[in-house]
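User: Could you help me read this structure? I would like to learn one feature at a time.

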Amino acid sequence: MAQICLGDIAPDFTAETSEGKINFHEWLGDSWGVLFSHPKDYTPVCTTELGYMAKIKPEFDKRNVKIVGLSVDPLDKHEGWSKDIEETQGAAPNYPLISDPDKKVADLYDMIHPNASDTATVRSVFVIGPDKKVKLSITYPQSTGRNFDEILRVIDSLQLTAKHKVSTPVNWKSGEDVIIIPAVSDEEAKEKYPDGWKTVKPYLRLVPQPK
């Protein structure tokens, strides 16, 4: 089982989901993607996570990001659990949930750690670009719920820095100043940013976020 590193092509797979069979790369098309695992259906932390993800799905839609969850449980369990999620969280999953009872996808993405039980996927999150490469991976322990607002923040940074020669500073949010990357000379920067920038240090140049 190979570890997946940033920049690797996200492993492709075909799987049954709560919205029918999908071929992952084909399903992503030209979109960005978020693949996130949850250890099992009917678990308390995941119930809160899947409900929250449903509520903020419009934010992912705005960014051209498709979201898909994964569980090692069969589809019939997903259906019953979705009703619980809607009842307790105010929103039912409005995105596909992969059924992975044979753990093929969980193994492909190294979601089952050696010191966990063989059915307990850790809480993994993968952000995948339109080029099908892994742009971000975060692994949480089973006991800790994820921060999906942070995933949106990172996607804003990834999408911006894919288009412009900039980086985003600590705790950056969309609309705030960004950093001109060191590989861009002052001469090149003058062409890109005729209104100038703030030089904190020669290697730390802040400029308003490009439109």
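User: Where is lysine 103 found?

Analyst: Lysine 103 sits in the loop between strand S5 (97-99) and helix H5 (104-108). Here helices (H or I, at least four residues) and strands (E, at least two) are DSSP runs, numbered from the N terminus. This is a predicted model, in which local features need pLDDT of at least 70, side-chain atom pairs count only at pLDDT 80 or more, and totals for chains, interfaces and linings use all residues. Residues are numbered from 1 along each chain as its sequence is written, and side-chain values use heavy atoms, leaving out hydrogens and water.

User: How do I read phi there?

Analyst: Most residues other than glycine have a negative phi. Lysine 103 has a positive value, near 65 degrees. Lysine 132, also not a glycine, has a positive phi of about 70 degrees, and is found in the loop between S6 and S7.

User: Is lysine 132 buried or exposed?

Analyst: Buried means under 20% relative accessible area, exposed over 50%, and partly exposed in between (1.4 Å probe, protein chains only). Lysine 132 counts as buried because its relative accessibility is 15%.

User: And which residues touch the most other members of the largest nonpolar core?

Analyst: A nonpolar core is a set of buried Ala, Val, Leu, Ile, Met, Phe, Trp, Tyr and Cys residues joined through side-chain atoms within 4.5 Å. In the largest one, of 26 residues, they are Val34, Met53, Phe60 and Ile151. Helix H6 gives the largest share of this core, six residues.
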